[in-house]
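I opened this one to take notes on contacts, strands and charged pairs. The entries below are in the order I looked things up.

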Amino acid sequence: MVGCAIAYYLAKRGIRVTVIERSIVGSGASSANSGAIALATKKPGIALELAMASQRLYPGLTTELGSNVDYVVEGNLIVAETEVEAAHLEALVADQQAAGVPVQPVSAARCRELNPLIEGRVLGGIHCPTDAQVDPFKVTRAYANAARNAGAEILVRTGVETIEVVGGRVRGVRTRRGAVRAQWVINAAGAHAPEIGRMVGVTHEVLPRRGQIIVLEATEGMPTIRVSGAGQLLAKHGAAAAGGANVAPSYTSKPLNGTVLLGSSNEFAGYDTRNTLPVMAEICRRARNLMPRLGGLHALRCWAGLRPYSASGPLLGGAGGPDGYATAIGHGGDGMALAPITGLYLAEYVAREGRNCSLPDFLGVLKTASPGESGGRPT
Amino acid sequence: MTVELDTDIAVVGAGPAGLAAALAAAGAGARVTVLDEYPEPGGQFYKQLSSEFSVPERARLDDDYTKGDELLAAVRDAGVTLSPETLVWGSFEPGTLSVMQGHAAGTVRARSIIVASGAYERVVAFPGWDLPGVMTPGGVQTLVKNQQVAPRGRIVLGGSGPFLLAVAKSLIAAGAKPAVIYEATRPLEWLRHAPRLWGHWDRISEALHYRRLIAAAGVPVRFGRIVVRAEGDARLERVVLMECDGEGRPIPGTEQIERVDTLCIGYGFVPSVQLARLLGCTHRYELRRGGWVPEHNEEMESSVPSVFVTGEVAGIGGAHVALAEGRLAGLGAARRLGLQVADAAMADARQERLTRRRFGDLVNDVFALKPGVYDQIGDDTLVCRCEEVTARQIREAATEWGADVNFVKGVTRCGMGYCQGRVCGGMVEELTARTVGCSREAVGAFRVRPPLKPVQVGSLADLARE
Ligand SMILES: Cc1cc2nc3c(=O)[nH]c(=O)nc-3n(C[C@H](O)[C@H](O)[C@H](O)COP(=O)(O)OP(=O)(O)OC[C@H]3O[C@@H](n4cnc5c(N)ncnc54)[C@H](O)[C@@H]3O)c2cc1C
């Protein structure tokens with residue numbers, strides 16, 4: 001997803017770009033997530049700022065890219081099931097409000113009103129009515145198609161094996177199918193980013209963090225608002241134990257096809273993308289505790305994906321190593337939400353040869369640009 | 001409530017292959033448990049036959065039935081544990097199967113697993129196949145046998161393969177005589193296989209018996225014709241048939257309209273490999289045996305140690321193959337556990353299997369699926385009924401990025417519904433491969449993820465440690 005977004009914005013500027021994909025378009029984490037384009041889950045700081053900038057791009061994306069990404073604003077409710085979680089939310093909501101996020105603390109009763117499936121014990125929550133969702137696969141594909149239409153080349157089933165460096169500057173990559181010459185090599189390999197980093201002798205502190213999801217049978221009349229337990233944020237914001245499966249409940253209704261996605265876990269389990277029984281069972285138990293009526297629905301399918309976890313947040317732009325090497329990695333559990341802004345920024349970064357375009361400056365300029373203008377060139 | 005069970009050998013599937021495997025393994029001294037999602041052991045084959053005739057007729061005519069009864073009795077005598085109404089829905093660790101009994105989830109641990117999960121019907125769409133009144137042979141068989149309901153009105157059978165004759169026979173017995181049977185292949189095309197018939201006398205007489213029974217009932221069989229379209233207002237009223245060439249391509253100017261209330265149409269079977277794939281067995285594409293089949297060695301052990309595959313799941317071949325191959329797998333699995341199995345018994349089982357497979361392959365070749373049949377899937381024809389995806393959507397997605405069925409699935413949602421692609425999977429693979437002109441291997445198969453069949457969230461939740 002991140003790679004396709006970068007390619008699109010580069011190609012749109014007339015820069016020749018080739019995406020090299022080991023598998024197929026959208027085969028990684030980008031087809032394994034629940035597609036939340038949320039602000040309520042973001043910790044204030046660069047992650048939130050990126051998310052806000054990205055969220056401004058999303059509503060226009062279907063038109064911009066010319067194919068539907070199923071963008072739906074359904075709102076987002078994060079509930080506290082324990083005192084610790086309640087305290088975390090209380091601190092978070094204040095900071096988010098200060099940063100301009102339209103998020104509100106809500107009572108337990110209001111939580112039940114917002115999503116009547118909630119019948120289990122909750123202490124309260126925070127609600128962000130502007131949070132949205134997309135079909136992650138469709139976004140990835142839309143970027144890929146739009147990139148191709150704008151002149152980008154995308155090589156699928158082609159793995160990068162080595163990166164060529166001459167005189168301290170990258171000269172291209174070697175793949176199973178031959179060499180691709182380039183002035184710039186951008187690492188957008190998601191959870192596999194360290195593997196690419198090693199090719200230029202750079203260590204990236206990115207770890208695969210597994211998340212498992214269960215899909216339920218299509219059912220009519222499911223409430224659309226997304227609900228998740230604040231435990232997910234504790235795992236994400238680093239306040240929970242790094243070990244263990246860190247299962248917290250999440251409910252994402254997909255109104256366009258009637259299904260519900262139940263999540264999720266935050267596990268460090270290497271590159272294993274299989275589902276595990278204890279986590280699947282725990283996801284179901286937590287979902288049933290919060291929303292007992294879900295217990296009667298059928299699970300149809302499950303999957304697992306690898307979040308590209310970075311303790312310090314996304315690593316965008318220059319990353320050490322040879323000249324011409326840049327990264328767009330470490331998006332963790334936010335890569336869907338952050339991909340458009342990441343693409344826009346990396347295109348800017350490359351266009352300026354990596355000079356005079358720090359991320360904060362870039363975001364600052366974007367903010368003053370006219371709203372709704374996506375892909376616009378900050379001056 | 002949860003289920004926990006330990007056994008030497010877990011056999012998944014209580015059809016001929018599974019029962020024969022269980023019997024052989026138990027005979028060699030193994031503790032064997034047979035798991036099957038249905039309430040009655042016997043699998044598709046015996047289940048459908050069990051009520052076919054009254055007892056005297058059974059004794060007179062069809063030794064398959066009596067064999068089914070005998071086999072079941074022998075399995076019980078051998079001390080095999082039969083575990084009906086037990087759905088195997090997943091496997092998360094080597095040597096374990098996740099099961100569901102009613103709403104109670106649980107785990108079965110076994111030193112060896114024998115996958116005898118059978119086959120399901122191959123569906124090939126055509127315009128109008130989704131009209132009420134169009135059914136599969138298996139669907140009709142179940143209706144007639146298990147629910148004692150005869151399909152309504154004028155019944156026409158179409159498609160290809162010996163199962164059509166079996167269904168015709170059931171319909172005749174139920175007093176719902178089909179008007180006509182349209183078989184896509186032609187006896188002339190069969191001739192080149194004739195020499196291979198030598199020696200398979202029992203199977204030949206069985207085939208002749210079916211043929212005679214249908215002829216005696218006055219049901220005509222017309223060869224070399226396929227259904228190209230079904231039509232009707234809200235429900236099926238007529239079908240359009242055309243003569244086809246050896247490749248199954250309709251010959252212009254041969255349209256023929258047949259008034260019909262129930263069309264029963266099928267093109268044979270596909271191995272039910274979901275569990276074998278979930279267990280990690282390597283598969284290869286073998287059209288002759290129905291499609292994707294797990295690879296195995298001489299004793300039916302798959303690429304995953306201690307996982308055996310047998311019967312239809314290892315390649316379509318019919319009940320006789322299943323019986324012979326089941327025995328071989330049972331002996332192989334017992335031997336794998338370190339139990340004594342005489343070399344002579346092993347050799348005999350191997351030989352028997354080869355003989356039966358040879359005939360099975362012959363039948364497969366005679367009724368080989370003609371490629372042209374897929375050409376009837378019009379752009380506007382629904383391919384995935386669960387998610388309402390048309391062939392056009394699939395063809396378009398196929399050309400987008402490197403022709404991969406999982407990409408096609410992501411774009412169109414085909415295969416994401418309640419049946420999880422069991423019905424449309426083969427069609428999506430075939431359409432994808434044809435659209436870009438590459439092989440089935442190249443486009444791959446839908447990824448298999450648990451649960452293999454839908455299971456309740458509450459049942460899964462019960463498995464969690466509080
Ligand atoms: C369960 C789960 C739920 C999530 N929910 C959300 C959510 O609601 N909202 C949200 O914003 N984010 C969510 N995420 C996070 C999001 O999915 C990721 O952050 C995002 O997909 C990362 O995108 P990416 O392009 O960096 O990585 P990927 O999509 O993984 O893409 C990396 C690509 O690089 C390719 N590659 C790797 N190595 C090589 C090589 N050597 N040569 C060539 N190609 C290579 C891979 O094949 C892959 O296609 C979730 C993640 C998970 C697992």
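**Entry 1: a threonine in a helix**

I started with A:T140, which lies in helix α6 of chain A; helices here are DSSP runs of H or I with at least four residues, strands are E runs with at least two, and both are numbered from the N terminus. Before going on, I noted that this is a predicted model, where local features need pLDDT of at least 70, side-chain atom pairs count only at pLDDT 80 or more, and totals for chains, interfaces and linings use all residues. Residues are numbered from 1 along each chain as its sequence is written, chains are lettered from A and ligands numbered from 1 in the order in which they are written, and side-chain values use heavy atoms, with hydrogens and water left out.

Is A:T140 buried or exposed? A:T140 counts as buried because its relative accessibility is 1%; buried means under 20% relative accessible area, exposed over 50%, and partly exposed in between, with a 1.4 Å probe and protein chains only. I then listed what A:T140 touches, leaving out residues up to four places away in sequence: A:M1, A:C4, A:V25, A:G26, A:S30 and A:M336. Contact means heavy atoms within 4.5 Å.

**Entry 2: strand β19 of chain A**

Next I checked strand β19 of chain A, residues 325–329, and found it mostly covered, with five of its five residues buried. In a regular strand the side chains alternate between the two faces of the sheet. In β19(A), A:Y325, A:T327 and A:I329 point one way, A:A326 and A:A328 point the other way, and all are buried.

Which strands pair with β19(A)? Strand β12 of chain A (residues 185–187) runs parallel to β19(A), joined by three bridges, whereas β18 of chain A (residues 315–318) runs antiparallel to β19(A), with four bridges. Two strands pair if DSSP finds at least two bridges between them. I looked up A:T327 on both sides: A:N187 stands opposite A:T327, and A:G317 has A:T327 as its bridge partner as well. β18(A) and β19(A) form a hairpin with six residues between them, and A:G320 in the turn has a positive phi of about 80°.

**Entry 3: chain A against chain B**

The size of an interface is often given as the accessible area lost when the parts come together. I got about 3,300 Å² buried between chain A and chain B, 59% of it on carbon and sulfur atoms; this is the accessible area (1.4 Å probe) that two parts lose on being put together, summed over both. A:L277, A:L300 and A:R301 supply 20% of the area that chain A buries against chain B, more than any other three residues. The contact takes 38 residues from chain A and 34 residues from chain B.

How many residue pairs are in polar contact between chain A and chain B? I noted 15, both residues at pLDDT 80 or more. A polar contact is a pair of N or O atoms within 3.5 Å; within protein, one must be able to donate a hydrogen and the other to accept it, and residues adjacent in sequence count only if both atoms are side-chain atoms. On chain A, α6 (136–149), β16 (259–263), α9 (277–290) and β17 (298–309) each supply at least two residues of the side that touches chain B.

A:A299 stands opposite B:V455 in β22(B).

**Entry 4: salt bridges**

The structure holds 52 salt bridges over all chains; each is a side-chain nitrogen of Lys or Arg within 4 Å of a carboxyl oxygen of Asp or Glu. Three of these lie across the interface of chain A and chain B.

A:R288 counts as partly exposed at 25% relative accessibility, and B:D462 is partly exposed at 32%.

Inside chain B I looked at B:E37 and B:K453, with the closest N and O atoms 2.8 Å apart. These two are 416 residues apart, B:E37 in the loop between β2 (32–35) and α2 (43–50), B:K453 in the loop between α15 (440–443) and β22.
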